[in-house]
Amino acid sequence: KASYGGAYSRSQIDELVQYAQSLRIEIIPEVSLPAHCSALLASYPQYACARKDYHVQCGPQVDADAVICLGNDSTLTHMLRMIDEVAEWFPGRYLSLGGDTVAAGAWSHCPRCRYRMIENSLRGERSLHAWFVNYVAEHLSQQNRRVLVWDDLLADNLSNDVILMVRSSISDGMKAAKK
C-alpha cells in the first residue's frame, strides 16, 4: 500500500476534466521535467545521464540526481511522446514542466549533455535547462499550447512562448513581467 501519492485511471481523469470544465475550471497538468524523475528513471534508466539504480520514491524525498539526459535524442523523443499523451488527456491550453530545484550537476559530467551545450553555444547547465524548456515549448506551440515553468529559470534565455510562474518574490515577479 502506497504511503503517499497514487494514480488516476484514464476514465477518472476524463471524469475530472469534464467536471472541472462544467465549473469553467481548466486543469493544468504538471509533468516534472527535466528533474524529479526518479520514478521515470526507475522504469527507463536509459534516459538518465548517470547509470545507477533509481527507485520510485514515495513521499517528499527527492533524488537530486534524478534528471533526464538532455543530450540523448532518444530521451527527447520519449519525453515529447509522454508530454503529448498528457496533453491529450488534459485539453486545456497550458502544461507545466515544473522546473524548480533542478540539480543539474549530472549534466556537467555527461559527455552527451556537454556536447549538446557546445553544439548549441550554451553557457552551462542552466542554459541547457532553458534550451530544453524552449524545445518543449516549440513542440507544444504547434498544438496551440503554452508551457509554464517556475521562476527558477527567470535569468535564462526563455522563449516568449514560455510562461513563468513566480513563487520566490515580488521583485522576481516584476522582473518576469518586464521580460
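Predicted model: local features only at pLDDT ≥ 70, side-chain atom pairs only at ≥ 80, totals over all residues.
Q: Over how many bridges do β2 and β3 pair?
A: Two strands are paired if DSSP finds at least two bridges between them. Strand β2 spans residues 146-150, and its pairing with β3 is in the parallel sense. The number of bridges is 4.

Q: Which are the edge strands of the open sheet?
A: The sheet has 3 strands in the order β1-β2-β3, with parallel pairing. An edge strand here pairs on one side only. This applies to β1 (94-98) and β3 (162-165).

Q: What is the average twist from one strand to the next?
A: Axes are lines fitted to C-alpha atoms (for helices, over the stretch in contact), and angles run from 0 to 180 degrees between N-to-C directions. From each strand to the next, the twist averages 30 degrees.

Q: Which helix packs on the sheet?
A: The helix touches β1, β2 and β3, contact being heavy atoms within 4.5 Å. Its direction makes about 155 degrees with that of β2. The helix, formed by residues 125-141, is α6.

Q: Is N157 buried or exposed?
A: N157 belongs to the loop between β2 and β3. Buried means under 20% relative accessible area, exposed over 50%, and partly exposed in between (1.4 Å probe, protein chains only). Because its relative accessibility is 67%, N157 is exposed.

Q: Which residues does N157 touch, not counting residues up to four places away in sequence?
A: N157 is 148 residues from S9 in sequence and 37 Å from S9 in space, C-alpha to C-alpha. Beyond four places in sequence, the contacts of N157 are A130 and N134.

Q: What is the relative accessible area of I25?
A: I25 is located in the loop between α1 (10-22) and α2 (38-43). I25 counts as partly exposed because its relative accessible area is 46%.

Q: Which residues does H78 touch, not counting residues up to four places away in sequence?
A: H78 is placed in helix α3, residues 73-89. With a relative accessible area of 12%, H78 is therefore buried. Apart from residues up to four places away, H78 touches Y44 and Y47.

How values were computed:
Residues numbered from 1 in each chain as written. Heavy atoms only, no water. Helix = DSSP H or I, 4+ residues; strand = E, 2+ residues; numbered from the N terminus.
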